[in-house]
Amino acid sequence: PCRLRRPLHFPRNRIPLHTDNLSFKFRIYHLKLRRNSSRAQHSPLPAMSTTEGKPDADAVEEMAREAAAWCAMHGLVVGDRADPRSGTVPGVGLVHAPISLLPSRLPESFWSQACELAPLFNELVDRVSLDGDFLQDSLSKTRQVDDFTSRLLDIHRKMMDANKKENIRLGLHRSDYMLDSETNSLLQIELNTISVSFPGLCSIVTELHRTLINQYGNLLCLDAKRVPGNEASRQFAKALAKAWDEFNVDSAVVMMIVQPEERNMYDQYWLVKYLRESHGVTTIRKTLSEVEAEGRVLPDGTLVVNDRKVTVVYFRAGYTPNDYPSEAEWSARLLMEQSSAVKCPSISYHLVGTKKIQQELAKPNVLERFLENKEEIAKLRQCFAGLWSLDDEEVVKSAIENPDLFVLKPQREGGGNNIYGLDVREALIRLKKEGGDALSAYILMQRIFPKASLASLVRGGVCHEALTVSELGIYGAYLRNKDKVIINDKCGYLMRTKVSSSDEGGVAAGFAVLDSLYLTDK
Ligand SMILES: Nc1ncnc2c1ncn2[C@@H]1O[C@H](COP(=O)(O)OP(=O)(O)OP(=O)(O)O)[C@@H](O)[C@H]1O
Ligand SMILES: [Mg+2]
């Protein structure tokens, strides 16, 4: 018998959309929102929300204990903050990864839409990466005020000047989405092209949820078949191995660039394991400063680190200024870029994933510069949220008047950098006062409002119930050698769920938990 209560419904996290003093452009955007939401009223929004109801407290406690033990036994673990050695010494100070006890619901149509977009974004990244002038021009103002972007552009410029061509190009991306409850549409948060996290652990969360559903099936009224399979770790390892294959040098290794301290190392070790066990490829782990100390490029372009030939460099660091505390790290980055090894990502792929480029690609007629197929262009554009540069005075004015409708984003990765709510107003007023190019360090984005629902979150062995929202990331792999596309595919997914009152979404940063999907008809 099913002991579930009826689904619970919550008021939506609504912000009034009608104000009288909006700019023309912004009014159009609101009109579109209103049109779409009135349509949505006829067919109630089937939002991402956690399971259909909830079992009683004792059953939840029992499931949470089972889940935590299962995580420990299946490698769904991260380093424990409480143990200072957990980020540097493998096998020391482990704790189960923060997880949602059960998967979150998503209508299957949105899942199909997100999966279909993955190869289109893969191809787009590749096309944009080949247009060096577009990248340099689009980021030219940003570089005036952002040192980090400026250093990346310097390396990129050097490669352009040397006419360096990357024949073998490997992208391991993740496109993140939220289901906007106002418009009932799947909107892209951003496309990550460097160091996308959790391909290793997310596959195991799916297995955990299927196991729990199978074990507690009667109680939960859920069907494990509705949790889609997730092969992200195997597929990423396969793409890295195929890139390695293209060189045909048996003694060569894949080099993973890592941070000196990494509590998410087990996520990375899952890829190391599959590379070795399924493809016979050895991985070495090096920090940027180790590469500087041990690396050199031979006259024929071969990258050698500690006397080992490296044919694929896979970055799980290097995306934040914190990863470059001295010139040594920058010279390591340049050294690798100058070599003939496949860089995942190359400096161009890295730049394509910046927030400024996301905003430029959302401008009218820009996608058309890179892609021919009109249907594909329309599909990509459909998932773009409102994105604006801060050159646009009317939008800045609207954001000062209605800060809750926007997110202000600097050119940063890794979570915790975005600005929300009243801080948007304060920051914009301050930046305007500073004058000059200060505003160019940021973009403005339409704030997306996913529907909130109750979920049980398990962190550090403690289970608690909270009102949550979810974000779906679809991994994509792209590999080509000159004209030949070897892989262009979606590669599994990452579902992250966070307390609805939290603005940021990072798991490692402590805002969100790992989750999986439960596909529904509507
Ligand atoms: N437009 C938006 N509306 C609502 N929430 C947003 C929006 N943009 C970002 N967020 C929230 O902030 C989080 C971080 O945003 P974003 O991905 O842009 O930053 P990041 O620093 O690149 O993060 P990551 O390390 O995950 O790549 C997202 O996971 C999401 O939860
Ligand atoms: Mg990001």
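Modeller: Helix axes here are lines fitted to C-alpha atoms over the stretch in contact, and their angles run from 0 to 180 degrees between N-to-C directions. The model is predicted: local features need pLDDT of at least 70 and side-chain atom pairs pLDDT 80 or more, while totals for chains, interfaces and linings use all residues. Residues are numbered from 1 along each chain as written, with chains lettered from A and ligands numbered from 1 in written order.

Helix H3, residues 108-129, packs against helix H16, residues 374-382, at an angle of about 105 degrees, and their axes lie 10 Å apart. H3 is therefore roughly perpendicular to H16 (65 to 115 degrees). H3 contributes Glu116, Leu117, Leu120 and Leu124 to the contact (C-beta atoms, placed from the backbone, within 7 Å), and H16 contributes Glu376, Lys379 and Leu380. By class, the residues of this contact are four nonpolar, three charged and no polar.

Of its 522 residues, 48% count as buried (20 or more other C-beta atoms within 10 Å of their own). Among contacts between residues at least 6 apart in sequence, 77% join residues at least 24 apart.

Elsewhere, the shell around ligand 1 has eight charged, eight polar and five nonpolar residues. Strands S7 (185-192), S15 (406-410) and S17 (442-446) each supply at least two residues of this shell. The largest share, three residues, comes from S7.

Terms used. Helices (H or I, at least four residues) and strands (E, at least two) are DSSP runs, numbered from the N terminus. Ala, Val, Leu, Ile, Met, Phe, Trp, Tyr, Cys and Pro count as nonpolar, Asp, Glu, Lys and Arg as charged, and the others, Gly among them, as polar. A residue is buried if 20 or more other C-beta atoms lie within 10 Å of its own, exposed if 12 or fewer, and partly exposed in between; C-beta atoms are placed from the backbone. Two residues are in contact if their C-beta atoms, placed from the backbone, lie within 7 Å. Angles under 35 degrees count as roughly parallel, over 145 as roughly antiparallel, 65 to 115 as roughly perpendicular and the rest as oblique.
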